[in-house]
Amino acid sequence: MTFNVENIRKDFPILERKINGKSLIYFDNAATSQTPISVIESISDYYKKYNANIHRGVHSVSEEATEAYESSRKKIQKHFNANFSEEIILTSGTTHSINIIANGYTDLLTSDDEIIVSGMEHHSNIVPWQMMVEKNHAKLSVIPLKENGELDIDHFKSIISEKTKIVFLNHVSNALGIINPIEEIIEISHRNGAVVLIDGAQSSAHFTIDLQKLDVDYFTASAHKLCGPTGIGFLYGKKNLLEKLTPLMGGGEMISDVTFEKTTYAELPHKFEAGTPNISGAIAFGYALDYINKIGLDNIYNYENELLNYATQSLKKIEGLKIYGDTNNKTSVISFNIENLHPYDIGSILDKFGIAVRTGQHCAQPIMDHFLISGTVRVSLSFINTKKEIDKLIEAINIAKTMLS
Ligand code: PMP
């Protein structure tokens with residue numbers, strides 16, 4: 001498909017909205033991406049035509065719902081190139097997925113073991129592990145950031161050892177947009193006998209991910225960053241590893257046999273999917289992947305890169321503006337501050353112009369501490385944005401500067 005942004009924008013009904021009398025300019029795509037009409041309609045179709053619980057009923061409607069739910073699992077498997085569909089666990093999103101893994105390792109690790117996290121993480125890839133080490137007393141070490149915001153890989157090489165059992169980090173930082181060298185980190189970790197969990201919440205929307213080629217052990221993403229609905233995502237894990245983990249939640253659907261004396265768990269993937277799942281969300285996630293594949297991730301990557309370069313160059317012309325994590329290998333996220341102005345004040349004025357940006361710590365306080373700042377303004381671009389919108393952003397920032405100075 002040839003990439004035509006004006007045609008693509010017609011698929012997103014929210015872009016017709018006016019905010020404070022102006023056309024919505026949505027630059028908060030890293031928090032949640034917008035949803036195309038095909039995905040929205042897949043949810044209403046489910047409720048209109050085949051709303052039923054899955055995996056249980058012998059009746060036709062339940063079978064249709066089950067088939068659609070399972071076909072989404074297969075779409076995710078294919079899109080991310082997992083070996084087996086049972087390696088794809090449908091979860092409520094990245095946070096849920098990471099909690100499954102951290103909980104699963106609680107009983108497998110002891111105070112003799114070590115785990116390594118990057119200093120560039122979203123809180124959801126920090127806190128579940130802290131909760132784990134409180135129980136098993138494994139040692140948690142951190143890969144520090146270099147001055148420019150990139151990970152200090154030499155430091156990582158110096159702290160990893162045969163004691164290290166898990167290394168976990170994001171593929172792309174939500175606060176800075178920096179793409180981490182995960183291939184190298186996976187290779188070093190495996191050489192030392194450690195498994196790797198990659199938080200793909202911010203990478204999966206921007207470029208192709210091949211799980212088998214990466215040889216990553218665990219990977220997770222959220223549909224709402226990928227043109228899908230909120231409350232649904234997936235956890236990938238290599239089959240032999242997932243089989244060893246205790247499930248986070250017990251309940252219906254995840255069992256093989258239940259007596260008051262002992263319960264045995266169901267096979268993968270059901271072992272980790274207790275209770276009635278987000279059926280319509282899972283189905284819509286499949287439609288979101290269809291939509292992205294129709295446009296093509298290569299087209300998306302190239303166009304977003306063009307927008308990123310244009311926006312970066314335009315922002316750099318503003319006096320007193322400083323970009324954090326301004327490196328060469330980035331997705332389309334720009335985090336910045338303007339001398340003597342509070343990010344919140346800038347964000348509030350931009351909203352008056354219908355421009356949605358995020359301000360604050362972006363759930364990544366350690367990154368802000370690294371740069372000795374309390375927060376940033378974050379502009380996160382996607383393939384639904386245009387250069388014209390970026391020009392309007394620059395105009396609005398200049399007005400905000402005059403108003404606030
Ligand atoms: N990790 C990263 C890098 C993120 O950007 C986010 C969402 N901002 C999460 C984890 C958490 O994702 P969710 O809220 O969908 O669970």
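Helices (H or I, at least four residues) and strands (E, at least two) are taken here as DSSP runs, numbered from the N terminus. Residues are numbered from 1 along each chain as its sequence is written, and side-chain values use heavy atoms, leaving out hydrogens and water. This is a predicted model, in which local features need pLDDT of at least 70 and side-chain atom pairs count only at pLDDT 80 or more, while totals for chains, interfaces and linings use all residues.

**View 1. S173 sits in the loop between β7 (164-170) and α7 (182-191).** Welcome to the loop. With 0% relative accessibility, S173 counts as buried (under 20% relative accessible area; over 50% is exposed and in between is partly exposed, with a 1.4 Å probe and protein chains only). Setting aside neighbours within four places in sequence, S173 is in contact (heavy atoms within 4.5 Å) with M120, I178, Q202 and I367.

**View 2. L197 belongs to strand β8 (residues 195-199).** L197 is buried, its relative accessible area being 1%. Beyond neighbours within four places in sequence, the contacts of L197 include I98, I101, W129 and Y218. Two of these names, I98 and I101, return in the next view as part of α4.

**View 3. Helix α4 (residues 94-106) packs with helix α5 (residues 127-136) at an angle of about 10 degrees, their axes 9 Å apart.** That makes α4 roughly parallel to α5; angles under 35 degrees count as roughly parallel, over 145 as roughly antiparallel, 65 to 115 as roughly perpendicular and the rest as oblique. Axes are lines fitted to C-alpha atoms, for helices over the stretch in contact, and angles run from 0 to 180 degrees between N-to-C directions. From α4, I98, N99, I101, A102, Y105 and T106 meet P128, W129, M132, K135 and N136 of α5.

**View 4. Helix α3 (residues 60-80) and helix α10 (residues 279-295) pack at about 40 degrees, with axes 8 Å apart.** The two helices, α3 and α10, are therefore oblique to each other. On the α3 side, the residues in contact include A65, Y69, S72 and H79; on the α10 side they include I279, F285, Y287 and L289.

**View 5. Helix α14 (residues 387-404) has 18 residues.** From first C-alpha to last, α14 reaches 26 Å, close to the 26 Å expected at 1.5 Å a residue, where the expected span is 1.5 Å times one less than the number of residues. Look along α14 for its buried residues, among them I390, L393, I394 and I397.
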